[in-house]
Amino acid sequence: MKLDRKNFLAATGAAAAGAAIGFPAIVGAAPEPIRLGSIPCLTGSNALLGQQEHEGVALAVEEINARKDKVYGGRPFEIVEEDATNDNQSAVSALNKLLGEGVVAVVCPVLSTQIQAMAPVMKSHEIPWMTGGTAVKNTQLGVPGMFRLRGSDGITAAGMTNFAVKDKKGKKVAILHASDAFGVGGADQIVMNLKKMGMEPVANEQYPKDAKDFTAEILKIKQSGADVVLMYIQNPSDTAVILKQIHSLGLNVPIIGSPSLGNQTAMEVAGKDAYGTYCAVDFIVGFNSNVATHFLTSFYKKYHHLPDVGTGSGWIYDAVYMLADTYKKQKGTDPKQTIASLKAIKKWDGVLGTFSADAEGNMVHSVSIGQNQDGKLHLVKTVSG
Amino acid sequence: MNGNVTLSLSKGAPLIVLVAVLALIPTFVHSDYLLTLVDTAGIYAIVVMGLGILLGFAGQLSLAQAAFLGIGAYTSGWLTVNLGWPVWPAMGAAMMLSALVGLVVGYPCLRLSGHYLALATIGFGIITQLVLINWKTVTNGSDGMGNIPPPQIGSFVFDTYGRYYYIILVAVLVCAYVAWRIKTTRVGRALEAIRENEIAARATGIDATRYKIIAFVLAGTYAGLAGSLLAHMTKFISPDSYSFDQSVVFLVMLIVGGSASISGAILGAVLLWFLPEVLRPLKTSYIMVYGAAVIAMIVFMPRGLIGLLEALRARVVRRPPETA
Amino acid sequence: MHFDPVANMQLLISGLAVGSIYALVALGFVLIYNAVGVVNFSQGEFVMLPAYVAVTFMVPAIAVFGTIVHWQVPVLGVYVIVLVFMAGFGLLFNRIAYHPLRDRGWMPVVISTIGVSIFLRNAAQLVWGSQPIVMPSLFSVDTIFLGPLRIRPQDILILGVTAVLITFQFYLFERTTLGKQMRATAQDRATARLVGIRVGRIVAITFVYSAVLGAVSGLLVAPLFTVTKEMGALIALKAFAASIVGGFGSIPGAIVGGLTIGVIETFGGFYVSSSYVDAIAFIILISVLLIRPQGLFGERVAEKA
């Protein structure tokens, strides 16, 4: 199949021109749509995350546009979506493309390295930027419109460490983490938290990307005599395999993981090897909240599978709704005004819980510890950061 | 090589016009999106030209260009962020370190050939990326290195894509000129002889290993320069950009453009950087189309796009095509 | 770190199991190289593709092109389907990626195989989505206890099947006419043609055999971890390294090389550092290339034209 670029571009250009000219004439003075930019990573090795982000945005927009008033005054949301792929360069290109198309706000990404690559561009575009990346540094980059709708690694790690030492009475803490920015950042935060308690990890194992066998790491942890293991891993595949191997190699100590351990995919794939494990999450199934229940049922109805709330679809659904609510209150989409309103949010109820903004744009300040009991997460306790 | 000299004279005028047009692009293109694409394409063209010297001229397959890209980027980034060096000397240092690494790695490896060399370069590339990920004290590891400053001349700071375009344009032109000089002089002829038949070349007294190492060092230096340019443009770098997959992308760009030709290298880089962007409307199926397109181009256009264009031109002008 | 015999035994078994996978993939790869002088950069996808096909027919429900299908078939049937599918794939690969380029030297073919790799990895995402899929294990127990040792039954299966395949490989090449024809073609195609061997057919058979080896590798390795589109990539690179270490073009070399890398990697990850595990394979590779380029078993150093 030869894609003749000139013809393709010409055809697209003609079609676009025709649509642009024809559409308003047909519809007359329709309420102007609000263009919302979204950059999930739809292809590449994080495609699963991208798909979850895409689904979360689509559901929120669909629900909002089905309301009588839509966002406000009959104005619907219009999603402008570009694939961030896996590559930082392409992600920045995607962002530039979006910005060139007049979006008033951007949601995504969730990968902190992409966020940091995009930061220089967003510094010169003061529009609301709803992100899900958890690296502590993200909100310290000086991007005026950035908001973080998930708990940062600082909060998550503190919660995990606290639980391990105080609740599980761990005296010899071992860490197992991935080699990507998420894993390393989280592990560093854990070490910092342990230091505050006057402790050091007895083992701090990092496994390389694409590793298939974790015998070496698990045996080392076993040999260190650890009595609790903290896992900081984002990839649900890796999580599942590690849990399986932990089980088969006989490492029978409490396991406390980062949010991905509570990730729907990870739990399904790991099956009974995940039973009994703990994780720190932004959200827990069954948590008493109308918003959350509604989200779960609508999501399942539309997509026929349960959402990955914390890491994927939930926070982004909240992001879109948060913007919609703010636009409705303001009856406008002025970026600077929106940013100021978002910064002033003190108690906004979403799927993930109650959001309130701090000066840096962080919106989540607590983390919940849940336990996987027969495949379902049950709330054990909440820790505030 | 009289043919080439005559060619350059008759090419002179159109070339000047081309350069003039290229120089004017930022004045009538204002979209940041398009400028990012063009800037990145230019930087990648430099990498691919370097690979062209090694693979196109000398016939040596290396899959380590991404590693040199990373070495250049991190050297330049580290010097400017941690030691406060101004950007221009940092770029020079990046090039020199890349050249040095190219020499150190090339010296033993270029005694090998064909698949052995390819695999050794793959190994080198993977090891380099692992070092970038794990040497946290220097590179900051997977978190990446940010706040890399843009270059400036006096008080004129190159911090927009439009301004940066000029730096890239100059770099591309200089690199193309250097490559052209190599191609048309004794070094180029030696490399070509090695490519055609290394044993015969050695028999005629050419120190094949020495020339291969020179080509390898040049390829590495070009990529190092490109890496540095990229770092100061994007202001943030992270190790995941310097993977084996990325080296493969550069290889495909060269082959599609036309491996023995400098303009082929540039064309391949530009085209294959723009292709995924053009295919964006296809959403997730775009990369399948990309893979299929690559296979199709290899099967139907063995000498790349430049080969195709030359064949077409030959038919139009009714002259035998150049054996580039 | 104290020297713990139980841990070491554990590591050895894991290492041999991982190494067996590298060995099988390396074997498939060396067969192609010997027959047609080509480095197949999509050998990893020869492992990934059959794994996906297998889970499609093994699990009660799976999403194909976005819709959920229920195509579950008894296990034996799955194996037949996968082997037949990969045999067909081998033929197709020969036809599309190799045959049109066979007279153009090794580089266009290398690029073509790279294109196939990119295409297949993303086609897999298009067909099966990005969700990692679990291949059900054949065994009802997770661990077999041998004294203090805890062994995964799958590891034993891998070692067993690999041993059988190696024996079969030896028998095929040494004792059958077909095997001798394959060896003759690999050694010198022109002469093989002269003595009446139908080279085109032998080449096709080689691709099919290599693809079927990939099928076996995929079926063996998938239950250990999840099926994803990237699962073949790193395995393939290490298999390349293994075949060099064993001696490029040597079949016993590929096997020994694979096992060696698997074991050294696993022990290295334990005693030295897990972060640099991938580096270990390639450091070994580069050292071998520089010190003894013909590898452990290789006879020739000169590359094929």
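A residue counts as buried if 20 or more other C-beta atoms lie within 10 Å of its own. Keep that in mind as you look at this predicted model: in chain A, buried residues make up 59% of the 385 residues.

What is chain A built from? You'll find 12 helices and 14 strands in chain A.

Now for the domains. Chain A is split by the domain assignment into domain 1 (31–151 + 289–352) and domain 2 (153–281 + 368–384). Their centres, taken over C-alpha atoms, are 29 Å apart. Where they touch, domain 1 of chain A puts in 12 residues and domain 2 of chain A puts in 14 residues. On the domain 1 side, α4 (112–123) and α11 (309–330) of chain A each supply at least two residues.

Next, chains B and C. Here 30 residues of chain B are in contact with 35 residues of chain C. Three helices of chain B, α5 (114–134), α11 (244–257) and α13 (286–300), each bring at least two residues to the side that touches chain C. Which helix gives the most to that side of chain B? That would be α5(B), with 11 residues.

| Side | Nonpolar | Polar | Charged |
|---|---|---|---|
| Domain 1 of chain A, touching domain 2 of chain A | 5 residues | 6 residues | 1 residue |
| Chain B, touching chain C | 22 residues | 8 residues | no residues |

Technical notes
Residues numbered from 1 in each chain as written. Chains lettered and ligands numbered in written order. Predicted model: local features only at pLDDT ≥ 70, side-chain atom pairs only at ≥ 80, totals over all residues. Domains from an automatic or database assignment. Contact = placed C-beta atoms within 7 Å. Helix = DSSP H or I, 4+ residues; strand = E, 2+ residues; numbered from the N terminus. Nonpolar A, V, L, I, M, F, W, Y, C, P; charged D, E, K, R; others polar. Buried ≥ 20, exposed ≤ 12 C-beta atoms within 10 Å, placed from the backbone.
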